[in-house]
Amino acid sequence: MRRIGWLVLLALLVAACVPGQQPSAEEIVRRAQSAMENLEEVHAVVEAEVTPADGEAMRIVGEGWMQDERARATVLEASEEELVGALAVSDGETGWLYHPDVDVVLTGSREELEAYREENQEQSDLPAEFDFNSLTEAVDELLNITDEELVGSETIAGLDSWHLRLTPNAEAPAQLSMVGGTVDLWISKEYDVPLQVTYTGGSMGEGRVTVREYDADPTFEEGLFTFTPPAGAEVMDVATLLPERMTLAEAREAAGFTLLSTPADTAEAALIDVFRVRDAYVQEFDGTLGEWTLTQSAGAPEHHDEEQMAEAEAVTVRGVQGWLHSDAERGWTMLAWEEGGAFRVVAGGLSPESALELAESLE
């Protein structure tokens, strides 16, 4: 019996000296979620590539630093050259978004900038969307709506990583299962953080986000988390760009000019939101014709797209000259005209014919 006891003890000692057994997919995910929740500082270079099923491939490379509540992210490379150099900086209380292509700096509190990003989440010129913290938040959300299978291990950004395959679970939106495709995720064995996620084989096209460089113990240079706007750059308080929600009646009373709208909600055009941004009054519509907005101001919007206006086709709308610009590939149309001392724009997922028809129906 003593001999058996020694053999058992020897086996336990040997087992303790052998490298850890391969963890389950569930355990890897649990470690990753814990690591992401406790991430305090990091420096990373992240590359994102997206090829829509019916569109042109897009690519962007961003570099990000994070230390507690402070962060900095900049665009190093992009398929759209005007994005290169875009910068987002936060010192924990105040933040700055710099767009060198238009030489504009947006600044405000963290709460105001976060609200601005949420309002403009479909825009591609917000570099903070490509920092490492945002990547981990997106992966954490993805893990909550999928089941994971351990495929193997590979090297990503020079780090040994677990390779997981994700499939939608009962918590996933129905659309996720409908589009099909395969989602794969790579998680660092050493740091338990996500280093790559890919989507392939589905109706949405293909996508990949990869951490090219990862530093868990970075050195932060003095002044990294502050920003001084370049000389000559236009500095704008982001609070002035946040929408002020109101009813249509309130907007009409406040506008100071005749504010047009559709005669009534219909299946083709149902009013879903009304708000003011600076001096412009915006109405959002949705319906069988598509999603679109009606924007009206006492003068041309301060930052309206003059290049699009220059390329637009001259048309007659409501008895005056207007400008029509349409992008068939994107399924997007903009119709602009001046009437009654106000500048008015119908824009969105409409055909040119629908845009003109809707403009004529406004009262």
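Which residue in β9 does Trp-162 stand opposite? Trp-162 faces Ile-187 there.

Before going on, a word on the model. This is a predicted model, in which local features need pLDDT of at least 70 and side-chain atom pairs count only at pLDDT 80 or more, while totals for chains, interfaces and linings use all residues. Residues are numbered from 1 along each chain as its sequence is written, and side-chain values use heavy atoms, with hydrogens and water left out.

Helices (H or I, at least four residues) and strands (E, at least two) are DSSP runs, numbered from the N terminus. Two strands pair if DSSP finds at least two bridges between them. β8 and β9 run antiparallel and are joined by 6 bridges. With strand β7 (residues 146-156), β8 also pairs in the antiparallel sense, over 10 bridges. The hairpin of β7 and β8 has 2 residues between the strands, and Ala-157 takes a positive phi near 55° in it. Back at Trp-162, the face of the ring has Lys-189 over it, at 4.2 Å from the ring centre. The rule for a charge over a ring is NZ of Lys or CZ of Arg within 6 Å of the ring centre and within 35 degrees of the ring normal. Arg-245 lies likewise over the face of Phe-275, at 5.1 Å from the ring centre.

Next, the cores. A nonpolar core is a set of buried Ala, Val, Leu, Ile, Met, Phe, Trp, Tyr and Cys residues joined through side-chain atoms within 4.5 Å. Buried means under 20% relative accessible area, exposed over 50%, and partly exposed in between, with a 1.4 Å probe and protein chains only. The largest nonpolar core has 18 residues, and Leu-143, Leu-164, Leu-166 and Leu-185 have the most contacts inside it. Two or more residues each come from α2 (25-37), α4 (132-144), β8 (159-168), β9 (182-188) and β10 (194-202). Of these, α2 gives the most, with 5 residues. A second, separate core of 16 residues includes Phe-285, Trp-292, Trp-337 and Ala-355.

For contacts, the cut-off is heavy atoms within 4.5 Å. Beyond four places in sequence, Leu-166 has contacts that include Leu-142, Leu-143, Val-183 and Leu-185. Thr-198 is in strand β10. At 12% relative accessibility, Thr-198 counts as buried. Among the residues Thr-198 touches, again leaving out those up to four places away, are Thr-182, Val-183, Asp-184 and Trp-186.

Now the rings. Rings of Phe, Tyr and Trp (its six-membered ring) pair if their centres lie within 6.5 Å; planes under 30 degrees apart count as stacked, over 60 as edge-to-face and the rest as tilted. The count by this rule is 5 aromatic pairs. Why is the pair of Phe-220 and Phe-225 tilted? The ring centres of Phe-220 and Phe-225 are 5.5 Å apart and their planes are at 50°, so this pair is tilted. Phe-285 and Trp-292 are stacked, at 4.2 Å centre to centre with 10° between the planes. Phe-285 is buried at 1% relative accessibility, and Trp-292 is buried at 2%.

Last, the open sheet. Its 8 strands follow the order β13-β14-β15-β16-β20-β19-β18-β17, with antiparallel pairing. The edge strands, β13 (244-245) and β17 (313-317), each pair on one side only. Strand β19 (residues 332-339) and strand β20 (residues 342-348) are antiparallel, with 7 bridges. In that pairing, Thr-333 stands opposite Gly-348 in β20.
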